[in-house]
Amino acid sequence: MDRHCFGIRPAAVVTVLVFLGCLPCSVASSAVKHSGGHSGHGSHRQVEFSIRSLQSGAWSNPQTWNLKRVPKDGDRVLVTAGTRVEYDVQEPQVIRLLQVAGTLRFSREKDTLLNVGILKVQESDQCSEDGFACDFDAGETDGELQAVPDGSVATLDVGLPHDPIPAGRTARIRLHYLEGFNRDDAPAIACCSARMELHGSPLPRTWVKLGTDAKAKDQSVTLNADVAGWSVGDSIIVTATDWQGGGSSFRAGARSHRTPQTEERRISAIDGRTLTLDQPLKFNHAGSGEFRGEVALLTRNVVIESADPAGVRGHTVYHRSSSGGISYAQFAHLGKEGVLGRYPIHFHLVGDTMRGSSVRGVAVVDSHNRWVTIHNTNHLVVRDCVGYQSVGHGYFLEDGTEVGNLLAGNLGVQSYFGPRLKNLALPFDDNAGAAFWWANGRNTLAGNVGVENDQYAFRYDMKKSSQFDPALPLQNADGTQTVVDVRTIPIWKFEANEAHTNFAGMVVAANGDHQPDAPIEDQRMLEAIRAVDWTGPDAKHPHVIRNFTVWNAHYAFRPQSPSMLMDGLRIDRTEYGVYRPAFDNHEYRNVHLSRVGSEPFNRGMDDASAQVGRFTVDGLKLEGMRNDGQYHPLIHMTDNALGAGADAHFRNVSVVGCDPRRPVFNRGGSTRVDPFVKEGVPYFIHNHFGPGRHAKLVSTKAADLYGDGSGFRAEPPLTGDESRLAEVANIEFPRLLDPTDDLPPATLITDVRSQGENLIVSGATHDNGDVAGILVNGLPAKASMSPMPSQEQTVTGIVHWQIILPRPANGTLVAVASDAAGNVEPRGHRLSLTRAGHNSRAQGHGSGND
């Protein structure tokens, strides 16, 4: 950043050493174990800088360099602390190592190209050809600096938030693997407790919905919104909307391959909201009505890419106490397949030191290992990004300690089955291909869409096993840490997300994958089910899933945890709807299922046909269920009550346009399971016969219920061949959950700019309820619920705010929020403007809490 924009001066004066010899560069002497299980660094031979900056100036000016020449092929280059070099060339020669200890600024007046092997941003005279670890004289542990460095801040400036690489210019960094590098570490860009800014020309929208249907052989698409900044020649994708069945991968060259229907094209003309394409489409793409595909822009004018996508790929990483951010850049052909920690965009063990930093409007294309990885890092913003093609999960929160992160308005397309990575922090992660994968519920996911992923659009997963204890140290709102069984942390905010054309829409897994999924001998079945540890959130703090839409998938939604609230669940054209649920304090509200196959609303634990507790459904519309060939019921009844009082309650149920040969309630499943306990599960339809007159439905196999003398009878199509009903009274519709909001919002300062003697401070606040207000240095900020740019919708509890205030005399900004429940952040975001670059959001991005 420009430290003078706040009157900030370096804490120490750097003396420029004037000599023409080589500056020695230390090496990693032995393998170092990474924190978090990441693979070791390896050792490297002694190297030396071959050239360094002598003074500030243009890269192309020989006078900038100590050898009075510009850097050339094979050089190891040091941009010396205290110097500012303007990168102003398109250089085809490959710099072997470039270490930025001063400032390297990419030109805004010229197209630029940097070919490099390893690029490190760190305020240090120590270095190595390690593409992951940092190099400091002291104060580091496992390659991570434990204290914020004093003095000037090493800065890589490839555009700033308010001074980006302008439209019409391109800045490109191309990463090369060179002989002698460690293939698992290099090529790479690593930001080591320094500042790295990568910002292209802003785009109001990076992806939008189709506005009309696009048919095979069409050579144009019409969008539902304007797309300023998209240009002729840009690359786009039109997402698939036709599910082809599961069991194989969309990845080209996979052993079992299915043809993807997401299509990549270039724009040849733009007329308002209509894009003419360079080639006709091969497939139909739904663009009208309730369910529509997307069109996403892949092109950006800042590009980080691997030079040899078919060879050794590169990666990037931010380390602890770094600053900066990324916006409107493309990360192409990055990620090392099968290597832990080597991802296109990686925040590694950052903790809260980069609070408020953003990844916004980025396109990550053709990754061999994730799109964006947030590892042991809190309070980031990942927004309006496009992920397209990833081996393994895409947007990935790695080890279950991450809290307070905001992922909003992102699109994830084609995450593939990937290899199980060695030394995973969470050993149960099979890397099966989820667009969004996370393991701690105290993060916000809103307005995101997952499309055509090999396995899941969304997967939340946390388990306990002999190999893993889920009791982990988590950061509290006051900055302290507490060891908590992460399985008890509820999904804090999951709202207005969408999944289509995937194998599965969403899984909420809390040891649920260990349940039996096929009938076995009665006693063994009972023992196996009761051996499952169903630890999860409690009734006051349930998982909350709001306004979730799933269409065109094999199965839609697997709620495999106790204490869950699903409000606004929309499912269309899937084989299975609510699938393999772990019924225990589940509340379903405003559920609409249409055109679902054999199992629209499944029995407890599927083929185990068992439930531990109770569930309620208030507002259920079943629509357009056709004959599935076997006349499966619309609602499959659970046979076995494993807990006292296990039952099911429905009200406000409507059945519209369904095949009358399919009963609404019946024993069901592909295989009917004879009861293996004496207690059956009663189902109640409240007010079915009129106010206060309820229907009680039971299985004819439930001897304890069917023979209780209630006069059960058949009433098709409400009942089927093995279900009966009777009229009952005096049954209350139970309230199973009592959601209590006792956590404060999370506030992030995302932008600080000078305006004369004042500051313009902007930020974001997210909460699981409604945000009541934001104070910055005690003054109220103006907040707005701005819509997700790509979907033109608002999400409650996510606000963007701004305030103009005098420059604080103590050089510190403090932003805190309160919510409608009366919770106030005890700490909020404290941002120091007095440090030399660290913890300051000058020009838009900085880092962390004091």
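## A pair of strands and their sheet

In which sense do strand β18 and strand β19 pair, and over how many bridges? In this predicted model, β18 (residues 235-238) and β19 (residues 263-271) run in the antiparallel sense and are joined over four bridges. As a reminder, strands of a sheet pair through backbone hydrogen bonds, in either a parallel or an antiparallel way.

Step back from this pair and an open sheet of six strands comes into view, ordered β16-β21-β18-β19-β20-β17 with antiparallel pairing. The edges are taken by β16 (207-209) and β17 (220-222); each has a single partner strand, so one side of each is left without a neighbour in the sheet. On average, neighbouring strands of this sheet are turned by 35° against each other, direction ignored.

Next, have a look at Val508, a residue of strand β42, which covers residues 498-509. Is Val508 buried or exposed? Its relative accessibility is 0%, so Val508 counts as buried.

Which residues surround it? Leaving aside neighbours within four places in sequence, Val508 is in contact with Tyr460, Ile491 and His543, and also with Phe557, Arg558, Pro559, Gln560, Ser561 and Met564. Take Pro559 from that list: it is 51 residues away from Val508 in sequence, yet the two C-alpha atoms are 5.1 Å apart in space.

## Salt bridges

How many salt bridges does a search of the whole structure find? The count is 50. One of them joins the side chains of Arg827 and Asp352, at 3.4 Å from N to O. Arg827 sits in the loop between β62 (812-819) and β63 (829-832), while Asp352 sits in the loop between β26 (345-351) and β27 (358-360), so this pair ties together parts that are 475 residues apart in sequence. Both Arg827 and Asp352 are buried.

In the salt bridge between Arg753 and Asp751, the closest N and O atoms are 3.2 Å apart.

Terms used. Residues numbered from 1 in each chain as written. Predicted model: local features only at pLDDT ≥ 70, side-chain atom pairs only at ≥ 80, totals over all residues. Heavy atoms only, no water. Helix = DSSP H or I, 4+ residues; strand = E, 2+ residues; numbered from the N terminus. Buried < 20%, exposed > 50% of the residue type's maximum accessible area, 1.4 Å probe, protein only. Contact = heavy atoms within 4.5 Å. Pairing = 2+ DSSP bridges. Axes fitted to C-alpha atoms, helices over the stretch in contact; angles between N-to-C directions. Salt bridge = Lys/Arg side-chain N within 4 Å of Asp/Glu carboxyl O.
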